Amino acid sequence: MAASSKPPPLERPSVPDEDSGERSTIVPEFDPEDFARDSEIKQRATIADGGEPTINQARRHHVAGEHEQALFLLTRLLELAPLHPEGSKLASECRQSLERECLAAIGSESATLVAAVSPEELKRFTLDNVSGFLLSAMDGATDVETILDISGLPRLLALRHMRSLLERGIIVVESDGRPR
């Protein structure tokens, strides 16, 4: 018989002396760490609004190519159950797929991006601070990979903002950096 990896159960303490004023600690007959882990994964709200487990919905979105929606659901799941192994793995796959999609829209990591609108026209657009910061680094000489490195932002976040700027017509690809 193989040795158990769990420590032996603790002996129950004896009844404290009435005069000492101390209370004894009662040790449960189950492993509290295992119980907490199971609670995280099984008992917390992993059921979406429709009554279907979030992981199943996320898997379907991922297979359908709806990686952002899948990642949104997985983020909610992982907030409640950070140790969920399948959720973590699927979230990583979704991030990689989203990164590939963003890079495909931009061209490549060696692409050079420039503003497509004048500073006066830019005032008409509502830019958040991340998009404005990234736009300020797009000088026609700095490639996407360098902007990602110097921005200090999470890679996927920066790529999503770059893709959005491109889709909105605020920036264009000046060169794709690939040999012709």
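Biologist: How many helices and strands are there in the protein?

Modeller: There are 8 helices and 2 strands. Keep in mind that this is a predicted model.

Biologist: And in what order do the elements run from the N terminus?

Modeller: They go α-α-α-α-β-α-α-α-α-β.

Biologist: What share of the residues count as buried?

Modeller: The protein has 180 residues, and 29% of them count as buried.

Biologist: Take contacts between residues at least 6 apart in sequence. What share of them join residues at least 24 apart?

Modeller: That share is 64%.

Biologist: Let's switch to α3 and α4. Where do they sit in the chain?

Modeller: Helix α3 covers residues 67-80, and helix α4 covers residues 85-106. Their axes come within 9 Å. They cross at roughly 150°.

Biologist: Are they roughly parallel or roughly antiparallel to each other?

Modeller: Roughly antiparallel. Angles over 145 degrees count as that, so α3 and α4 qualify.

Biologist: Is the crossing left-handed or right-handed?

Modeller: The crossing of α3 and α4 is left-handed.

Biologist: Which residues make the contact?

Modeller: From α3, they are His67, Glu68, Ala70, Leu71, Leu74, Leu77 and Leu78. From α4, they are Gly87, Ser88, Leu90, Ala91, Cys94, Arg95, Ser97, Leu98 and Glu101.

Biologist: How does that contact split by class?

Modeller: Between α3 and α4 there are 9 nonpolar, 4 polar and 3 charged residues.

Biologist: What about Gln69? Which helix is that in?

Modeller: Gln69 lies in α3.

Biologist: Why does Gln69 count as partly exposed?

Modeller: Its relative accessibility is 36%. Partly exposed runs between under 20% for buried and over 50% for exposed, so Gln69 falls in between.

Biologist: How far is Gln69 from Ala58?

Modeller: Their C-alpha atoms are separated by 7.3 Å. Along the chain, Gln69 and Ala58 are 11 residues apart.

Biologist: New topic: Ser151. Where does that one lie?

Modeller: Ser151 is in helix α7, which spans residues 144-151.

Biologist: Buried or exposed?

Modeller: Ser151 counts as buried, because its relative accessibility is 13%. The cut-off for buried is under 20%.

Biologist: Which residues is Ser151 in contact with, leaving aside neighbours within four places in sequence?

Modeller: Phe133, Leu134 and Ala158.

Biologist: And what lies 3.2 Å from a polar atom of the Ser151 side chain?

Modeller: The backbone nitrogen of Leu153 does.

Conventions
Residues numbered from 1 in each chain as written. Predicted model: local features only at pLDDT ≥ 70, side-chain atom pairs only at ≥ 80, totals over all residues. Heavy atoms only, no water. Axes fitted to C-alpha atoms, helices over the stretch in contact; angles between N-to-C directions. Helix = DSSP H or I, 4+ residues; strand = E, 2+ residues; numbered from the N terminus. Parallel < 35°, antiparallel > 145°, perpendicular 65-115°, else oblique. Left-handed = near helix turned anticlockwise from the far one by under 90°. Contact = heavy atoms within 4.5 Å. Nonpolar A, V, L, I, M, F, W, Y, C, P; charged D, E, K, R; others polar. Buried < 20%, exposed > 50% of the residue type's maximum accessible area, 1.4 Å probe, protein only. Polar contact = N/O pair within 3.5 Å; in protein donor to acceptor, adjacent residues only side chain to side chain.
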